[in-house]
Amino acid sequence: MRKIGLFFGSFNPVHIGHLIIANYMANFTGLDEVWFVVSPQNPFKKKSTLADPYDRLEMLNLALEDCEHLRVSDIEFHLPIPSYTIDTLTYLKEKYPNREFVLLMGQDNLESLEKWKNADIILRDYLIYVYPRPGYETEKFKDHPSIIMTETPLMELSSTFLRKAIKENKNIQFFTPQKVIDFIDKKGLYS
């Protein structure tokens, strides 16, 4: 049974931190692949701050086109909006019964996991690989059998930082792949 890590997010835009985290998970934790699950509308984020979901999907496709073990998933584009993780997991489990799905989550999201729809079912039925986030040293769920803390490199880069830099006309070279920068420039995103 293939073990798939699900990296949920808005990826608004995707940046090198996302890629490093996913690559670490795919190569150092026993996962066979990591799927970037683009959320068209995260229930915890304002829609007005999000680029078009298809633009975010395309930026991920550009960023991952040469990446072994990393894939893009548009599964939430075919499910009701807003996207709830438990609904996506249930759908994927039915569609791919021969795969084991593992959630990839930052410590910042682990802090708020109890607020998620059906968090108890997620914790009961799925493993969660947690990567460190700056400013979060949570003890919450520390001894829970479904929570696995990883030694993923700490990433301080955020999509918020990138959007602000673009708006201020700063050079974002190396913060995201060049193909993504070219796409952002061509579409006039975030400026």
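A: Start with the word pocket: an open set of grid points where a 1.4 Å probe fits, with protein on both sides within 12 Å along at least five of seven lines. The model is predicted. About 180 Å³ of space lies in its second largest pocket.

Q: What makes a residue part of the lining of the second largest pocket, and which residues are closest to its centre?
A: A lining residue has an atom within 4 Å of a point. The second largest pocket has 13 such residues, and Ile-166, Asn-169, Lys-170, Ile-172 and Asp-185 are the closest to its centre. Helix H7 supplies the largest share of the lining, 4 residues.

Q: How do the residues of that lining divide into nonpolar, polar and charged?
A: The lining holds 5 nonpolar, 6 polar and 2 charged residues.

Q: Why is H2 called roughly antiparallel to H7?
A: The axes of H2 (residues 53-64) and H7 (residues 178-187) cross at roughly 150°. Angles over 145 degrees count as roughly antiparallel. Therefore H2 is roughly antiparallel to H7. The two axes come within 8 Å, and the crossing is right-handed.

Q: Which residues make the contact of H2 with H7?
A: Contact means heavy atoms within 4.5 Å. From H2 come Asp-55, Glu-58, Met-59, Leu-62 and Ala-63; from H7 come Lys-179, Val-180, Phe-183, Ile-184 and Lys-187. The residues of this contact divide into 6 nonpolar, no polar and 4 charged.

Q: Which residues does Arg-163 contact, leaving aside neighbours within four places in sequence?
A: Arg-163 lies in helix H6. With those neighbours left aside, Arg-163 is in contact with Asn-12, Pro-13, Thr-49 and Tyr-190. Asn-12 and Pro-13 are the pair joined by a cis peptide bond.

Q: How far apart are Arg-163 and Ser-191 in sequence and in space?
A: They are 28 residues apart in sequence and 7.8 Å apart in space, C-alpha to C-alpha.

Conventions. Residues are numbered from 1 along each chain as its sequence is written. This is a predicted model: local features need pLDDT of at least 70, side-chain atom pairs count only at pLDDT 80 or more; totals for chains, interfaces and linings use all residues. Side-chain values use heavy atoms; hydrogens and water are left out. Axes are lines fitted to C-alpha atoms, for helices over the stretch in contact, and angles run from 0 to 180 degrees between N-to-C directions. Helices (H or I, at least four residues) and strands (E, at least two) are DSSP runs, numbered from the N terminus. Angles under 35 degrees count as roughly parallel, over 145 as roughly antiparallel, 65 to 115 as roughly perpendicular and the rest as oblique. A crossing is left-handed if the near helix is turned anticlockwise from the far one by less than a right angle, and right-handed if clockwise. Ala, Val, Leu, Ile, Met, Phe, Trp, Tyr, Cys and Pro count as nonpolar, Asp, Glu, Lys and Arg as charged, and the others, Gly among them, as polar. On a 1 Å grid over the protein atoms alone, a cavity is a set of points where a 1.4 Å probe fits but cannot get out, and a pocket is an open set with protein on both sides within 12 Å along at least five of seven lines; lining residues have an atom within 4 Å of a point. Grid points are joined across faces, edges and corners, and a volume is the space filled by probe spheres set on the points.
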